[in-house]
Amino acid sequence: MTTSATAAPSDRPLPASPEQTAAEHARAMLEALGIPCTGESMHRTPERYVRAIAEMTRGLRLDPDRHLGVLFPAESTSQGIIAAVDVPFVALCEHHLLPFPGRATVAYLPAPGARIVGLSKLARVLQEYAARPQVQERIGEQTVAALDKNLDVRGAACVIRSRHACMTLRGVEAHGAAMLTTHLTGELETDPALRAQVLSYGPSEAV
C-alpha cells in the first residue's frame, strides 16, 4: 500500500502577512503609474508607504471613548466651560487619502456637581477619531457625540480648523485655504452667550 507524500510543516510556504500583501499591491500600483521602485532609495518605499498609512489610520483599531471612562470629582460648585484648545491632529481625507492637518478646540459644560474628565483625554478622543479615513465634519460630530454619551454635560463642542492637501496641493490648488467646522450641542448651541464664548476658543490657525 502506498501513501501520498505531504510536505512537512517546515516546507510549506508561510502565508503572507497583511502588511506584506499590502506592500505588494502598493508596489504594483506605483509601477502601474510609472513610478518604478527599483532604485536604492525607493526599493523599500512600498513597505514604508504601507506602514505610514497603517499609522495614520490607527484609530480604526482603537475605541476613543475609552478615554472618557476615568472621571474625577468636581472641584467647583459652579463649573464653567472646560476646553482643550489648539489640539493638533492629522487625518486622511477619505476621498483622496491625502492628509489634512489641523487644530481643534474640544469643550464641554459639565452638569452641576458632575464628575469631570482629565483634560488630556479630550485631546486623545479627538486625535483618535481623526486617525482614520475621515471627513472633517465627521470628526467633530463623533467627538461631541462621545462627550454627550459618556459625560454628564449641559453641552459639548468641537471647533476644527484644518488645511486639506486635496484642495491646496491638487485640483483647485487653493494654497493657504483653510476649512472651519463647528459642532455644538445642548446649551453650548442654544445659549447665545455660551455659544459665543466657546466659539471664541476656536483655533485661529490650522497648523
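Predicted model: local features only at pLDDT ≥ 70, side-chain atom pairs only at ≥ 80, totals over all residues.
A salt bridge here is a side-chain nitrogen of Lys or Arg within 4 Å of a carboxyl oxygen of Asp or Glu. Residues are numbered from 1 along each chain as its sequence is written, and side-chain values use heavy atoms, with hydrogens and water left out.

**Overall build**

- The protein chain has seven helices and seven strands; helices (H or I, at least four residues) and strands (E, at least two) are DSSP runs, numbered from the N terminus.
- Read from the N terminus, the elements go α-α-β-β-β-β-α-β-α-β-α-β-α-α.
- The chain is more spread out than a compact globule, because its radius of gyration is 23 Å, well over the 17 Å that the globule rule gives for 207 residues. That radius is taken over C-alpha atoms, and the globule rule is 2.2 Å times the number of residues to the power 0.38.
- Along the principal axes, the C-alpha atoms fill a box of roughly 85 × 55 × 25 Å.
- For a sense of distance, take S17 and P73: they sit 56 residues apart in sequence and 46 Å apart in space, C-alpha to C-alpha.
- S17 itself belongs to the segment before helix 1 (18-32), and S17 is partly exposed at a relative accessible area of 24%.

**Surface, burial and contacts**

- Of the 207 residues, 36% count as buried. Buried means under 20% relative accessible area, exposed means over 50%, and partly exposed is in between (1.4 Å probe, protein chains only).
- The chain exposes about 11,900 Å², and carbon and sulfur atoms supply 56% of that. These areas come from the Shrake-Rupley method with a 1.4 Å probe; for residues, only the protein chains shown count as cover.
- Contact means heavy atoms within 4.5 Å. Among contacts between residues at least 6 apart in sequence, 67% join residues at least 24 apart.

**Charges and salt bridges**

- The chain carries 20 positive and 22 negative side chains, with the centres of the two sets 3 Å apart. Lys and Arg count as positive and Asp and Glu as negative, while His and the chain ends are not counted; each charge is placed at NZ of Lys, CZ of Arg, CG of Asp or CD of Glu.
- A search of the whole structure turns up five salt bridges.
- One of them joins the side chains of E47 and R27 (3.5 Å, N to O). This pair links distant parts of the chain, with E47 in helix 2 (residues 45-56) and R27 in helix 1, 20 residues apart.
- E47 is partly exposed, at 23% relative accessibility, and a network of salt bridges links R27, R44 and E47.
- Another bridge pairs R66 with E128, whose closest N and O atoms are 2.7 Å apart. R66 is in the loop between helix 2 and strand 1 (71-72) and E128 is in helix 3 (residues 119-130), 62 residues apart.
- In that pair, R66 is partly exposed at 42% relative accessibility, whereas E128 is buried, with a relative accessible area of 10%.
- E94 and R138 form a salt bridge too, with their closest N and O atoms 3.0 Å apart. E94 lies in the loop between strand 2 (82-93) and strand 3 (99-110) and R138 in helix 4 (residues 136-150), so the pair ties together parts 44 residues apart in sequence.
- Both partners are partly exposed: E94 has a relative accessible area of 34%, and R138 has 32%.

**A buried arginine without a bridge**

- R132 sits in the loop between helix 3 and strand 5 (133-134).
- R132 is buried yet has no salt bridge, and the nearest side chain of opposite charge, E128, is 6.5 Å away.
- Leaving aside neighbours within four places in sequence, R132 is in contact with M56, T57, G59, L60, L62, P64 and L92.

- Most residues other than glycine have a negative phi.
- D86, in strand 2, has a positive phi of about 60° although it is not a glycine. D86 is partly exposed, at 36% relative accessible area.
- L97, in the loop between strand 2 and strand 3, has a positive phi of about 55° and is not a glycine either. L97 counts as partly exposed at 40% relative accessibility.
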